[in-house]
Amino acid sequence: MDAYLEEELYDLMTFCIQNAPSSPDYHFKKERVQEIGREICNDGGVDAMVNMYFAVQNRIKEEIQKDANPYRSWWNGITDEWRY
């Protein structure tokens, strides 16, 4: 399941990084990123969130040469331990 979520998260975040917030699908994709964060947290806690985000962040950096750090805040509020 993690591999599927990682791939979906990568695709969603890549879209959001490469498109403006005014893009028609941007809000939907952002919401799905947040849902995935909740799923990961429910399944494995904050450690699982950290591990998943780290993997996706590295892929984004390597594959499209963009920084995913600004999008970490999208998972704020899922757990008190995640504050970015």
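Biologist: What covers the buried residues of helix 1?

Modeller: The cover includes helix 2. A helix is a DSSP run of H or I with at least four residues, numbered from the N terminus. Buried means under 20% relative accessible area, exposed over 50%, and partly exposed in between, with a 1.4 Å probe and protein chains only. This is a predicted model: local features need pLDDT of at least 70, side-chain atom pairs count only at pLDDT 80 or more, and totals for chains, interfaces and linings use all residues. Residues are numbered from 1 along each chain as its sequence is written, and side-chain values use heavy atoms, leaving out hydrogens and water.

Biologist: Why is Gln 65 called exposed?

Modeller: Its relative accessible area is 58%, and the cut-off for exposed is over 50%, so Gln 65 is exposed. Gln 65 lies in the segment after helix 2 (26–64). It has a positive phi of about 55°, although it is not a glycine.

Biologist: Why are Tyr 71 and Trp 74 called buried?

Modeller: Tyr 71 has a relative accessible area of 17% and Trp 74 one of 11%. The limit is under 20%, so both qualify.

Biologist: What makes the pair of Tyr 71 and Trp 74 edge-to-face?

Modeller: Rings of Phe, Tyr and Trp (its six-membered ring) pair if their centres lie within 6.5 Å; planes under 30 degrees apart count as stacked, over 60 as edge-to-face and the rest as tilted. Here the centres are 4.9 Å apart and the planes are at 85°, so the pair is edge-to-face.

Biologist: How many aromatic pairs are there by this rule?

Modeller: The count comes to six. One of them is Tyr 53 with Trp 75, edge-to-face at 5.5 Å centre to centre and 80° between the planes. Tyr 53 is in helix 2 and Trp 75 in the segment after helix 2, 22 residues apart.

Biologist: How do you know that Arg 59 lies over the face of Tyr 10?

Modeller: A charge sits over a ring if NZ of Lys or CZ of Arg is within 6 Å of the ring centre and within 35 degrees of the ring normal. Arg 59 is at 4.0 Å from the ring centre of Tyr 10 and lies over its face. Arg 72 has its charged end over the ring of Tyr 84, also 4.0 Å from the centre.

Terms used:
Helices (H or I, at least four residues) and strands (E, at least two) are DSSP runs, numbered from the N terminus. Contact means heavy atoms within 4.5 Å.
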